[in-house]
Amino acid sequence: MFMDNTILFYFIVATTSLLTVAAGVLVVLLKRKVRKAFDDLARSFDSLIKKTAAAELERKLTDEKRTQAEHQLAHAQKMEAIGHLAGGIAHDFNNIITAIGGYASLLKKRMDAKEPSANYVEHIIDAGRHAKMMINQLSMFVKNDQPQVELLDVHSVISASISMLPADVGEGITLSADLKARPSFTSGDTTLLKNVFLNLVINACDACEKGTGSIAFGTEAVTLDSGNMLCRSFSIDPGPFIRITVSDNGRGMGGEVLDRIFEPFFTTKPKGKGMGLGLSNVWRYIETFKGAIEVRSKPGEGTSFFIYLPLIEIPTSSSPSAPAVTSPQPSRRTILIVDDEPSVREIYSEILIENGYVVHTAGDGREAIDILDKNAGAIDLVLLDMIMPRMNGTDTFHAIRTRFPQMRILLMSGSLDQEKVASLLQEPATAFFQKPCDDEQLIQHVRSIVVSPPAP
Ligand SMILES: Nc1ncnc2c1ncn2[C@@H]1O[C@H](COP(=O)(O)OP(=O)(O)OP(=O)(O)O)[C@@H](O)[C@H]1O
Ligand SMILES: [Mg+2]
């Protein structure tokens, strides 16, 4: 009995142990299975989350890209619309300013300088000049980041840049200009060139002592040959260049500063005074002109920047290639003015008649061709506006040249459409001037071309 109980006891113990082990194994197995199942589930979940997140991210990125593209398009469209608007305003404004400045100059000439109202006329002329500056600002506003390539007169850009200087800059500092280059045309982006001059003048002002400081602009025509170091270091083609000098009598720079001035973010100015981006931008802008820049400076001896821009030879009144003019022989010269703006026709006629020329006028290209046909051989020069209804300046130009191949043509244009003119200027006996211009400038331009040889 005792034996049976013992066996039974051991049997129970063994069975319990076995069962415990089996249960343990089972639990372990189950745990593993459950964990694996969990792991599998977690992995699937993880991959699902990743896939969903990736899809969501892609959707977001696509949305962002689309929104960005839409913004860019909207911005571009807005800028284009503003550009058209501003371009249109600038064109119409040019004609209005021509009228204001032109009539005021004529009035001033006919007035006794001692007359009290002569002073008012002077104010009108000043206001005209101011309006001209505003047009320049407007043109600047229209520009986007893409450099434009347009024909530009470096001398006009220098004047415009100086007039745009903030009122507090240059206080107590003398600004002078000795602009000798004839002609002074180059091609590139006017806004970028204005920025170049503004940066240089602001730096020069910062370096100068108030009261004794002076800044001088100079221009001259030079030729860079293939051996010139500038041609090699800037990879520019040798040839004629306009060299623009901007000098100051400020504190100057030592070698260590001089070596780094064109580096982006290099500045010696106190915090908040300069970012060190001015001259690195200047460098980039000059490169877009296929030009070069160099600088000379010594501590205490001032600084001179020299900018070289490719010179475009266009026959103008002051071009050295134009024959020297002593007398315009006005009585034998007949001019046809073609402009859709009556006030421009009237003012330019008055100025030319006053200077002894015989004048015909036409309001558009077709009328111009009619007048030329009727007066075959009697007209020496056509003054041709580029923007006109019915038949624009370019079409009129070609129509005139087809019928009268030798005709001298003086193109005139507002500030925003110069690039259209550039290709026409390759033709002989063709010159260009920018409207608005005053009576003296007009006569100068006319004299230069009216005595130049006709087209071969
Ligand atoms: N005419 C100058 N005379 C003396 N130092 C000059 C002259 N022009 C430039 N520098 C020196 O070159 C440095 C770099 O000029 P840069 O125009 O690139 O930057 P900045 O004028 O310091 O700042 P930012 O133009 O961004 O306002 C100036 O901090 C100054 O030390
Ligand atoms: Mg600067």
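**The parallel sheet and its surroundings**

Guide: Thr 334 has Val 358 in E9 as its bridge partner. This pair comes from a predicted model, and every value that follows is computed from that model. The strand that holds Thr 334 is E8, residues 334–338, and E8 pairs with E9 in the parallel sense over 5 bridges.

These two strands belong to an open sheet of 5 strands, in which the pairing is parallel. Read across the sheet, the order is E9-E8-E10-E11-E12. Strand E9 (358–362) lies at one edge and strand E12 (430–434) at the other, each pairing on one side only. From one strand to the next, the twist averages 20 degrees.

A helix, H10, packs on this sheet. H10 touches E8, strand E10 (381–385) and strand E11 (408–413). The direction of H10 makes about 160 degrees with that of E10.

H10 (residues 393–403) also packs with another helix, H9 (residues 365–374). Two packed helices are described by the angle between their axes and the distance between the axes. For H9 and H10 the angle is about 15 degrees and the axes are 9 Å apart. An angle under 35 degrees counts as roughly parallel, so H9 is roughly parallel to H10. The crossing of H9 past H10 is right-handed. On the H9 side the contact consists of Gly 365, Ala 368, Ile 369 and Leu 372. These meet Asp 395, Thr 396, Ala 399, Ile 400 and Arg 403 in H10. Sorted by class, this contact has 5 nonpolar, 2 polar and 2 charged residues.

Helix H8 (residues 342–354) and helix H12 (residues 439–450) have axes that come within 10 Å and cross at roughly 70 degrees. Because angles of 65 to 115 degrees count as roughly perpendicular, H8 is roughly perpendicular to H12. H8 passes H12 in a right-handed crossing. Tyr 348, Ile 351 and Leu 352 are the contact residues of H8, and Asp 439, Leu 442, Ile 443 and Val 446 are those of H12. By class, the contact of H8 with H12 has 6 nonpolar residues, no polar ones and 1 charged.

Some other strand pairings complete the picture. Strand E2 (residues 173–179) runs parallel to strand E4 (residues 213–224), and 7 bridges join them. Within this pairing, Ala 177 has Phe 217 in E4 as its bridge partner. E4 also pairs with strand E5 (residues 239–248); here the strands run antiparallel and 10 bridges join them.

Last comes the ligand. The shell around ligand 1 has 23 residues, and the closest are Ala 207, Thr 267, Gly 274, Gly 278 and Leu 279. Helix H4 (190–207) and helix H7 (278–288) are the elements that give two or more residues to this shell. H4 gives the most, with 4 residues. By class, the shell around ligand 1 has 9 nonpolar, 11 polar and 3 charged residues.

Methods:
Residues are numbered from 1 along each chain as its sequence is written. Chains are lettered from A and ligands numbered from 1 in the order in which they are written. This is a predicted model: local features need pLDDT of at least 70, side-chain atom pairs count only at pLDDT 80 or more; totals for chains, interfaces and linings use all residues. A residue is near a molecule or strand if its C-beta atom, placed from the backbone, lies within 6 Å of it. Ala, Val, Leu, Ile, Met, Phe, Trp, Tyr, Cys and Pro count as nonpolar, Asp, Glu, Lys and Arg as charged, and the others, Gly among them, as polar. Axes are lines fitted to C-alpha atoms, for helices over the stretch in contact, and angles run from 0 to 180 degrees between N-to-C directions. Angles under 35 degrees count as roughly parallel, over 145 as roughly antiparallel, 65 to 115 as roughly perpendicular and the rest as oblique. A crossing is left-handed if the near helix is turned anticlockwise from the far one by less than a right angle, and right-handed if clockwise. Two residues are in contact if their C-beta atoms, placed from the backbone, lie within 7 Å. Two strands pair if DSSP finds at least two bridges between them.
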